[in-house]
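Please look at the sequence and the structure together as I go through some contacts between side chains.

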Amino acid sequence: MDEVTEFIFRNNVNLAFISETWLKDVVSDGVVHIPGYAVVRKDRKTIDHGGVCAYIRQEYCKYKHLNDLNCCEDHETLWLYLRPNRLPRGFSCIIAAVIYHPPKADDTYLREDLFQSLALVEARYPNCGLLVTGDFNRLNINVLLNHFRLKQIVKVPTRKKATLDLILTNMY
């Protein structure tokens with residue numbers, strides 16, 4: 001936690017999305033608290049590892065956890081409505097997701113869930129900016145990129161020679 005806190009403070013971070021938190025519901029928010037930031041978590045319910053969370057600088061924006069965009073407890077996806085004090089021109093809000101897709105998980109099931117969630121986001125929040133980030137572990141997301149006009153921002157390998165950690169957005 002000390003390293004995460006130091007990184008966030010040193011880099012003046014407004015939003016931090018973390019995959020593979022390894023947190024469980026028995027770990028209170030107080031243990032992972034960073035002064036001046038709200039933490040929103042989705043802990044893995046079954047085996048160790050996994051889990052996702054977001055740190056949001058409290059003075060940066062209003063936010064809301066969008067629980068209803070999760071299809072099930074099996075997927076480690078955390079959806080947020082963000083309304084920063086300043087938005088890029090033409091966007092009404094930002095809908096952000098942080099995802100952890102374990103290496104041996106069902107690709108088709110998660111891809112379908114993401115497609116349905118993004119379609120629901122477009123219907124509910126017209127003109128929203130999209131930010132979908134996390135560890136996708138070789139999940140083929142081409143259909144998502146094409147259908148929702150998302151662009152992959154990370155252009156370098158994030159683990160050995162593979163780009164597993166992605167940042168997808170329509171705000172370019």
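Which kind of contact do the side chains of Glu59 and Arg57 make? In this predicted model, they meet in a salt bridge, with 3.9 Å from N to O. The surroundings of the two partners deserve a word. Glu59 has a relative accessibility of 61% and therefore counts as exposed, since the cut-off for that class is over 50%. Arg57 has a relative accessible area of 14%, so this residue is buried, the limit being under 20%.

Another one of them joins the side chains of Asp165 and Arg159, at 3.8 Å from N to O. Asp165, at 22% relative accessibility, counts as partly exposed. Arg159 also counts as partly exposed, at 34%.

Let us turn to a third example. The side chains of Arg41 and Asp43 form a salt bridge at 2.6 Å, again from N to O. Where do Arg41 and Asp43 lie, buried or exposed? Both are buried. Arg41 and Asp43 are also part of a network of salt bridges that includes Asp29.

How many aromatic pairs does the model contain? The count comes to 3. In one of these pairs, the ring centres of Phe9 and Tyr37 are 6.3 Å apart and the planes stand at 50 degrees, so the pair is described as tilted. Phe9 belongs to helix 1, residues 2-10, whereas Tyr37 belongs to strand 2, residues 37-42. The pair thus links distant parts of the chain, 28 residues apart. Phe9 is partly exposed, with a relative accessible area of 42%, while Tyr37 is buried, with 5%.

A further pair consists of Tyr81 and Tyr125, whose ring centres are 5.7 Å apart; the planes are at 40 degrees, so this pair is tilted as well. Why does the pair tie together separate parts of the sequence? The reason is that Tyr81 lies in strand 5, residues 76-84, and Tyr125 in the loop between helix 2 (107-124) and strand 7 (129-135), so the parts joined are 44 residues apart in sequence. Tyr125 is buried, with a relative accessible area of 15%.

Tyr81 has one more contact to show you. Lys64 lies over the face of the Tyr81 ring, at 5.7 Å from the ring centre. In Tyr81, then, a ring that pairs with Tyr125 also has a lysine over its face. Thank you for your attention.

Technical notes: Residues numbered from 1 in each chain as written. Predicted model: local features only at pLDDT ≥ 70, side-chain atom pairs only at ≥ 80, totals over all residues. Heavy atoms only, no water. Salt bridge = Lys/Arg side-chain N within 4 Å of Asp/Glu carboxyl O. Buried < 20%, exposed > 50% of the residue type's maximum accessible area, 1.4 Å probe, protein only. Phe/Tyr/Trp six-rings, centres within 6.5 Å; stacked < 30°, edge-to-face > 60°. Helix = DSSP H or I, 4+ residues; strand = E, 2+ residues; numbered from the N terminus. Lys NZ or Arg CZ within 6 Å of the ring centre and 35° of its normal.
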